[in-house]
Structure formats: structure tokens, C-alpha cells
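Q: I have a protein structure open and would like to learn how to read it, one feature at a time. Could you walk me through it?

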Amino acid sequence: MSVLIRGGRLLDPANGVDRIDDLLVADGKIVAIGAGLQGDQVVEAGGKVVAPGFIDIHVHLRVPGQEYKEDIRTGTAAAVRGGFTGVVCMPNTKPVIDNVPVVSYVVNLAARDGLCRVWPTGAITKGSKGDELAEIGDMFEAGIVAVTDDGRPVDDSERMRQAMIYAKQFDLLVMDHCEDKALSAGGAMHYGKVSSELGLKGIASASEEVHVARDILLSLETGARVHIQHISSRRSVELLRWGKAMGAKVSAEATPHHFTLTDQIVADMNYSTNTKMNPPLREEADREAIIAAMVDGTIDIIATDHAPHHIDEKDVEYQQALFGITGLETSVGLTLDRLVRPGILSLEQMILMMSTRPAKLVNVKPPALVEGAEADITILDLEKSWTVQVDEMESRSKNSPFIGWTLTGAPHATVVGGKLRMLEMKVVAE
Amino acid sequence: MAGLKRKDILGLKDLSVDELDLILNTADTLKDIATRPIKKVPTLRGKSLVTLFYENSTRTAKSFELAGKYLSADVINVSVSSSSVQKGETLKDTARNLEAMGVDAVVMRHSMGGAPQILSRYLKASVINAGDGMHEHPSQGLLDMLTIRQKKGSFKGLKVAIIGDSYHSRVARSNIYGLTKYGAEVWLAGPATMLPQGYEEYGVKVTTKVDEALEGADVVNVLRLQLERQERGLFPSIAEYHRLWGVNERRLKLAKPDALLMHPGPMNRGVELSTAIADGNQSVILEQVTNGVAVRMALLYLLLGGGESA
């Protein structure tokens, strides 16, 4: 069955596409772009922006082992509802994705149950214990697109250096959750005025910055491609800028919560544990530095760190609650509402940061609005005003600080491999 | 007397001066009950109160218990070991079970900041924070304020020096929030590793030099040093702490001659303060304890019994 996307503004800056036209999809590919095309299924896109499919390279699908938080079906449903055609999932599962059978399990399950593309990452070290290297080469052949010990970062710098050298031979991206665990131990939120007032143990920005600096230096030393996950502090941003100027192959992602919120929200929401994530929300100067670095290209991409948790893991004392919030279903809305509509970030920049560049980082073919390309397409409605509602969320977990927020700008439709998977923020199953 | 128009007492930060006045005035009125031959008034007859302590406490728990009993409330005490926070019943379930038994107020001490805020969300009953982590200890702040007010008349312009580990101290925080609302000049002095950040905007002066804080002080409030902080590298030895930050007779002389010496207890004699001054004539440490019962009676009365005469 063919799908006709009619009358939208086709916008694919990487391929120099910006025009109003029809786009016809059949057999999983974009088969024609032009005026007056016909198709079996029509998606009216007049007044909408048609973009190459969005990819979130930092998602916790919780498979295998923690399906009570999320599974392939619910996680990819959240993804397509949020406008994503592909996700890269993290290996801090139970068991850890550190060997071929587990990689294959995720790949096969995603092929069966997934509503969007799913690319797994593999652990850097066995069990993400920071000791022996995981079988990175075998996992690469089984389909991983990056390595990371997300959540349990490699502490030993020599291990990290060897891991970078080893990953580089497969041109695998090394993603790092930068955190010196000795500096952050016991902390529940950003160390600063607000943590002091709330009497919560703080996590100093330096706990991230120490590892950002280390990783940049190791990248310079080894030539490996290093990706700084969820950058949160202004000094980390400065280190990143310095590293790029020095020629390091370093990239970074910003999350919607770090460019939208500050630590003040912990007080404003009266210790709501949906404000607890790692790295924590920092100060206004940090938030501003992150946005400035997104605008000037120092920060390469937007990723969510979608981290679903069961309510029982969140509905406890702040210090006891697990770190993390969901992000897939609010990312596009927050980026449009907070950055694009106010004119801070251009639509072209947003598309590069959410589609083309994330794909390139993990060495998958970037979605494109050209004839012959895979039909992975995200359609945006810049005018739609909507409220984030718990009962509309597709994710199995509801741990979002944005519940109740009204945003202007939303994903309108998601086409994955030629199939319409979401329309008007409702998932389209088979 | 009208009651407080709030369900809970979670901290002094969000109390208004009018509310603080009401609590302190009520405490002054109720104070003599504890010194009568028959220490009982019927004000809270038929009301029930639970003290729920996730941390060890003698003074605060017993002070609340007596306060409730003097007002004729039925009081039960529950202590839960800190380790069971990790593996036992959740706070939510414990709280809901207590409420299902019909309690009117829960007085909670907890090792984690913000736990009373979470408890309050689950309960229709009143919640009184008896100390949460390093956040607040409102009844301690209030009893310190009552003691100061009784001796000094008012707070405005008083120099109050809080000496010691204010970073980890809920007592310091509640004192800061309460005293600065009345225009007192609060100083924090202690080792740099134990000083909090962010209080300058409340007008608080922060220094590592204890003499500077003590100079001309009207009130000297010495905090308890948690000795385990040494293992975590926050100070090198008790001897050095005592030499550099301990309050002794020589240092106390830097304060005004009529300065009050306070301590929230329990004291480490010879560490944060010397025995000579702890038992000296400037010490109001036991009056603080007496006022503690009065303040806690006032809180219970104003939350549970407001409107009826004492």
C-alpha cells in the first residue's frame, strides 16, 4: 500500500530540500516527489513540515529484563508517538547487553514487536563493571551501533583508553555518561543553592566535567570517536568547545530537560521525584550555555535519555527514588515550543540535530527526503497546542516532569519504512 | 486563639511572621503547664498522635510525646530502623497504615530531606517534621527562637552566631529561615568543608573564622559535630576541630557579656564546646529543652485543637 504525503513543506537541509510538494511512499521507499501525485493512503500535510525521520540515540528500552518499566512494543510506541522513526537503546539491562546472544535477542524482538527501527548499543566492559572489555567486535557484527557503559561509566582511565582504541577499529562511537562516581556519591540533585535549601546532598558539576575532560583528552590521544551523553554543565560545554577546537573527534547531545529546566524545579515541584535524573538539572547559567552551544553547533544533537521507571521506584523519598525521566513523547514538543518557535533554533538546525546528525554518529544511513531513500519520515505541526497527559502516553512508565505542560508544536505523523505509524499523536498499529 | 490555617508543619521556610508569632505566643502561654503539679489539660482529649522515627532520637521524640500527653492526646511511638528504609515497607504504606488506624497527626523524623513533604501528600492527617535529613528541624528552630525571645525580647538586629557543621545541619537551616524573617543577623562559622552555599542571599554571613562570627554576638548556637564526618574527610581530627572551631571560655568572651550559649544536643563535651561554658552561667541549653516541650505543645494545639481554649 502506498502512502501519499500531500502538500507539506518538505525540509531536509542536509540534502538541500526546502519546497512544498507531494511525496509518495511505496514498498518502504520514497518513490516520487512532485505535484499532483496519487496514493492509496493520504496524509494531508498542508501547513505542516515534512522532515527526514527523527532518531533518538539515547533511549532505555529496558529489554531484556525490566519489561515492567518498558518493553520493545511500548517503547517504540512511545517513540513513534513522539515523532521518532528510530531509536538507539542502551545496554544497562538485566542482563547487560554485553554479548552476541543478548544483542541478537534485542534485534530479533525489535524486528517482531518494534514500531520503529531499533539499534542496540553494547557495553564497553563485561557487565558494565569497568573491568574486562566486552566482546565489542562480535557485538558489532551482530548489529550494535555504538558502545557505552551508560549509567556505570568506566572509571579506570586506562581501561577507557584501551576501549577507545579497540572500538575505533570498528569505527564504533564510544558514548559516555560522564560521571566521576566518587564525586557524585550519595547525591540526589545538583549541588548548589537549591540543594542546600532543600537539604539534599548535591552532585557537583565537576563530577561530570572531570570525565568530559578526560574523554576529550583520551579521544585526542587515541583518535577514537567519543560522544558525551546528556551534557549538563556550562564548563562541560566549554571543555567540549575546546576539544573540538583541538581537533578531538568528540560530539555531544543535549536533552530537552537540560535545555528546559533548572534545579529550581525540584523546589518548585516540592521534591517531586520526576525532577530527579542523572546528570541532574543544573543552574540557569548552565541551561543558557547548553542552548548557546546548540545554536552555535558545539552541541551536535538532541537526545532524550528516555529512562522509564515504575511508579513504585519513583513514589518514594527523593533520595531513594531512581534517577531518570521519560522523554520520547515530549522531546519534539519541547524543542519546538522552547527553541524553534521563539526563534532560538532554526527548524533546519532542529532537523539536523534530531535526524541527520544522530544517524551519522551511529553510522546508520541518514533519513533523507530524496527519491529512492528509505521512507523514514517525521511530519511536524508547528501550530498545534497540546497538553502532556498521562493517559495519552504510550510509554509503560509515566515519570515525566512535563505532565500537565501545554506546548505549542507537536509531531504530526511518523512514517517508518513506508508504513504510517502515527497520525495526530495517535499510534497507528497494523 | 485561632489555630494555624495549615495542615502541616514541614519547615520554617514557608511560615509567615504572623504564623511564627502565633506559635511562639502560644508556646509562651502553654509553657507553665509543664511546671504545674498536675501536668494535664484536656485540650486534645480524643486526638491521637504518632511519633514515627526513622532515626534515633531521645530528646525530640520524648519531647513530642510529653507535649502530646500534657494536652491529653493519645500518643504512640513507632521507631523504624534506618536500614528498613532500604528494604522494608515504603514510607507511603507505613503512613497509610497509620492513617487507617485513625491518627490525627504524625510527627516524623527521617534521614532524608523532603520525606515529610512526600508523607504529607499521602495523608489527610497533619504532618509535623521532627527533622528530615539535612533539610529542616522546625520545632528545634522554634524552641531556639522562643528561648532567644524570652531572654532578649525580640530578634531584630541580634547577631546570632551558629558555629559548626551547618552544611549538614537541619537545625542551622531552620534557625536561618526563622531568624532572618525577623531581621536577625545570622552568622555561620565552621570548617570550609562544612559550610553550605546559597545563604548569602538571605543576608547570612558565612565565615571560616570562628572569632569573627563570635565577635559581639548576642547568641552563640553551637552545633553538634557528627564524629563520623572525620572518616569522610571533612575534617582531619577532633583535636584540630576543637582548636580551630571549638567554643571555649576564651572564645565566648568575644561575644557580648550577656550572650546566650545554646546547643541543640546531644553535646560532645570537649569537642564543639568546653564543659566549663556548657555548664556556665551563659548556658541556656536546658531552658531550650524546657521550651521544646512548650513549642511542641503549641504546634499540636494549633494544628489539632485550634479554636478551643487551653
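Q: Is D27(A) buried, partly exposed or exposed, and what do those words stand for?
A: Buried means under 20% relative accessible area, exposed means over 50%, and partly exposed lies in between, with a 1.4 Å probe and protein chains only. In this predicted model, D27(A) counts as exposed because its relative accessibility is 78%. D27(A) sits in the loop between β2 (17-26) and β3 (29-34) of chain A. Helices (H or I, at least four residues) and strands (E, at least two) are DSSP runs, numbered from the N terminus.

Q: Before we go on, what should I know about the numbering and the model?
A: Residues are numbered from 1 along each chain as its sequence is written, while chains are lettered from A and ligands numbered from 1 in the order in which they are written. This is a predicted model, so local features need pLDDT of at least 70, side-chain atom pairs count only at pLDDT 80 or more, and totals for chains, interfaces and linings use all residues; side-chain values use heavy atoms, with hydrogens and water left out.

Q: What is the phi of D27(A)?
A: D27(A) has a positive phi of about 50 degrees, although it is not a glycine. H230(A) is another case: this residue is not a glycine either, and its phi is positive at about 30 degrees. H230(A) lies in the loop between β13 (226-228) and α8 of chain A. H230(A) is buried, because its relative accessible area is 1%.

Q: Where is the salt bridge partner of E329(A) in the chain?
A: The partner is R81(A), with 2.7 Å from N to O. R81(A) is in helix α1 (residues 72-81), and E329(A) is in the loop between α12 (311-314) and α13 (331-340), 248 residues apart. Here E329(A) is buried at 7% relative accessible area, and R81(A) is buried at 4%.

Q: Which residues are joined into one network by salt bridges?
A: Bridges that share partners join K29(A), R117(A), E374(A) and D376(A) into one network.

Q: How close in space are V43(A) and I5(A), compared with their spacing in sequence?
A: Their C-alpha atoms are 4.8 Å apart, although the two residues are 38 apart in sequence. V43(A) is in strand β4 (residues 41-44) of chain A, and this residue is buried, because its relative accessibility is 1%.

Q: What is the volume of the largest cavity?
A: On a 1 Å grid over the protein atoms alone, a cavity is a set of points where a 1.4 Å probe fits but cannot get out, and lining residues have an atom within 4 Å of a point. Grid points are joined across faces, edges and corners, and a volume is the space filled by probe spheres set on the points. The count is four cavities of 30 Å³ or more, and the largest has a volume of about 40 Å³. Its lining residues include P256(A), H257(A), I325(A) and F402(A).

Note on methods
1 Å grid on protein atoms, 1.4 Å probe; cavity = no way out; pocket = protein on both sides within 12 Å on 5 of 7 lines; lining within 4 Å. Salt bridge = Lys/Arg side-chain N within 4 Å of Asp/Glu carboxyl O.
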